[in-house]
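Here's a quick tour of a structure, written as a briefing. Have a look at the model first, then read on.

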Amino acid sequence: MSVLIIADSPNEALAKSVKQTLMAAYKLGGEVTVAINAQAESEAVKALAAMANVANIWLVPEARTAEAIVATLEDKCNDFCHILGPATTFGKNVLPRLAAKLDKEMVSDVIEILSVDRFKRPIYAGNAIATVKVSGQVIATVRPTAFDAYDDTGDAASVETLSLVDTGKAQFVGLQAPESTRPELTQADIVVSGGRGVGSAENFAIIEGLADKLGAAVGASRAAVDAGYVPNDWQVGQTGKVVAPDLYVAVGISGAIQHLAGMKGSKTIVAINKDEEAPIFEVADFGLVADLFQAVPELSDKVK
Amino acid sequence: MKALVAVKRVLDYNVKPRIKPDGSAMDLDNLKMSMNPFCEIAVEEAIRLKEKGVVSEVVVVTVGDKKSEEQLRTALALGADSAIRVDSEGEQSPLTIAKTLAAVAQKEAAELVIMGKQAIDGDNNQTGQMLAARLDWPQATFASEVSINEGKANVVREIDGGLETLAVTLPAVITTDLRLNEPRFAKLPDIMKAKRKPLAVLSFDELNIEPSNTVIVESIEPPAQRSGGRKVASVDELVDALKNEAKVIS
């Protein structure tokens, strides 16, 4: 039994999504090799090398595209019975390309590991859960929020830098990252999200005020993103990010199934909406029927 | 340059999905089916590229049964020039569809394939990447902006940390994200005209495709229901509940 994890860790610290994928690998059992596009001396790689369940680390620091990562790794995949990646935009981009190069089918967005070859995954925007069985080598992305972060430290892993194979057909040009001092959306313990009901980009300050008071990340529904209130990487839902924080506060969000698909796994859900018929109340643990322009500032004042 | 656009017939996104009582599959009988929303965006982008003179011809393709010709006709009404249906009963794996689309792309000598990032039924988000791999073309997934000149596509991609720009050499596969464009509606005269546009039907045999299925769906079940919550009457009651009952804030 051996597992290959293909992941990225864009910041200094080891991304939580990598630790969550490690937990999935731990549940499968066996020796784990992690291929990651990070620098040898980075904090992320040091942390990874100290993890109990990681035997080998393959660094591909110059790999900025799916083409390069897949071309570098495709000949090295035969020895692994499982190849996993986090179901982040990185993993979703890379794993299917690798699977097709290996002439293998794959499983997206695993939320539960039943055995080494049987998995559960959501379909139809989370309205149904399919149990799938894989014959042969398993290639899968795992939904990070469905797994706890693996954090046990143990013996140091061996670290090797792979020489990059690149097709030259795709070049990374640049990255526009919005500046934020708040926690990353998919890793935050608390998320405060606003929807169309917030009304304008300026009004979103109310949502951000509450988020900052709670040390929370800010999310949004697709309606709020499409209306231009907030940048699109704040979107929570089937087509945006999937979050599962301890507390999710949905403000002025009706609760369309596409949005619910992205936050239904949250431990506690609070809905603040003036429409008492809004579907969000069906999943909310605590619902407050109120005008958000009064309730949210009042809530900001009364927490902490 | 010829562009190929892949489309899929799926349960309309406004319809609440139902599972068959025996848990063997989804129950799609007599429910409204539509073109997958991400495929609509792909069709729109191809037509815009044609209107700009970047693309000379738009061929729309699907893998599905006779009923999926309805979605091909929709794409033709929106502005696609011709359509291809690869005849298939039941759901095929993304890998089989990728291999089929690769064969069609080669047969048609397409230099660009545009398709949705995922279908809202299987939620796999695999086929475009797999197609690019099979053709050994570069891929630009989750595109929110596309500009093509001098044999290259500059694509802005929606990634977790913001927006990333890639330059890919054509031929290439681009998969669409929601914000790439706003699809147009088909006008009635165009819907009539679309009925006369060419629609070819191919078989897996003709394309030399052997459908495979190594990932088998054993059963489908509803998601765990959340236990019913309650409504609180005031902000004070909410704060109290979060502090003392749910213990999620201090």
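How many aromatic pairs does a search of the whole structure find over all chains? There are 4 of them, where rings of Phe, Tyr and Trp (its six-membered ring) pair if their centres lie within 6.5 Å, and planes under 30 degrees apart count as stacked, over 60 as edge-to-face and the rest as tilted.

Before you go further, some ground rules. This is a predicted model, in which local features need pLDDT of at least 70 and side-chain atom pairs count only at pLDDT 80 or more, while totals for chains, interfaces and linings use all residues. Residues are numbered from 1 along each chain as its sequence is written, chains are lettered from A and ligands numbered from 1 in the order in which they are written, and side-chain values use heavy atoms, with hydrogens and water left out.

**An aromatic pair in chain A**

- The ring centres of A:Trp58 and A:Phe80 are 5.8 Å apart and the planes stand at 80°, so this pair is edge-to-face.
- A:Trp58 sits in strand β3 (residues 54-59) of chain A and A:Phe80 in the loop between α3 and β4 (82-86) of chain A, so the pair ties together parts that are 22 residues apart in sequence.
- Helices (H or I, at least four residues) and strands (E, at least two) are DSSP runs, numbered from the N terminus.

**A:Asn56**

- You'll find A:Asn56 in strand β3 of chain A.
- Leaving aside neighbours within four places in sequence, A:Asn56 is in contact with A:Glu31, A:Val32, A:Thr33, A:Val34, A:Ala157 and A:Ser158; contact means heavy atoms within 4.5 Å.

**The 10-strand sheet**

- This open sheet has mixed pairing and runs in the order β11(A)-β9(B)-β8(B)-β7(B)-β10(B)-β6(B)-β1(B)-β4(B)-β5(B)-β11(B); two strands pair if DSSP finds at least two bridges between them.
- β11 (170-176) of chain A and β11 (199-202) of chain B are at the edges with a single partner strand each, so one side of each has no neighbour in the sheet.
- On average, neighbouring strands of this sheet are turned by 30° against each other, direction ignored.
- Strands β8 (residues 152-159) and β9 (residues 162-169) of chain B pair in the antiparallel sense over 8 bridges, and B:Arg157 has B:Glu164 in β9(B) as its bridge partner.
- Helix α2 (residues 69-78) of chain B packs on the sheet, where it touches β4 (57-64), β5 (82-87) and β11 of chain B, and its direction makes about 165° with that of β5(B).
- For angles like that one, axes are lines fitted to C-alpha atoms (for helices over the stretch in contact), and the angles run from 0 to 180 degrees between N-to-C directions.

**The 6-strand sheet**

- Here the pairing is parallel, and the open sheet has the order β13(A)-β12(A)-β14(A)-β15(A)-β16(A)-β13(B).
- The edge strands, β13 (217-220) of chain A and β13 (230-232) of chain B, each pair on one side only.
- β12 (residues 190-194) and β14 (residues 247-251) of chain A run parallel and are joined by 5 bridges, with A:Val192 opposite A:Val249 in β14(A).
- Helix α5 (residues 204-214) of chain A packs on the sheet and touches β12, β13 and β14 of chain A, its direction making about 175° with that of β12(A).
- Helix α9 (residues 292-302) of chain A lies across β14, β15 (268-273) and β16 (286-289) of chain A, at about 135° to β15(A).

**Helices that pack together**

- Helices α3 (residues 66-73) and α4 (residues 89-101) of chain A pack at an angle of about 45°, with axes 9 Å apart.
- That makes α3(A) oblique to α4(A); angles under 35 degrees count as roughly parallel, over 145 as roughly antiparallel, 65 to 115 as roughly perpendicular and the rest as oblique.
- Between the chains, the axes of α4(A) and helix α4 (residues 127-135) of chain B come within 7 Å and cross at roughly 45°, which makes α4(A) oblique to α4(B).
- The axes of α5(A) and α9(A) come within 9 Å and cross at roughly 20°, which makes α5(A) roughly parallel to α9(A).
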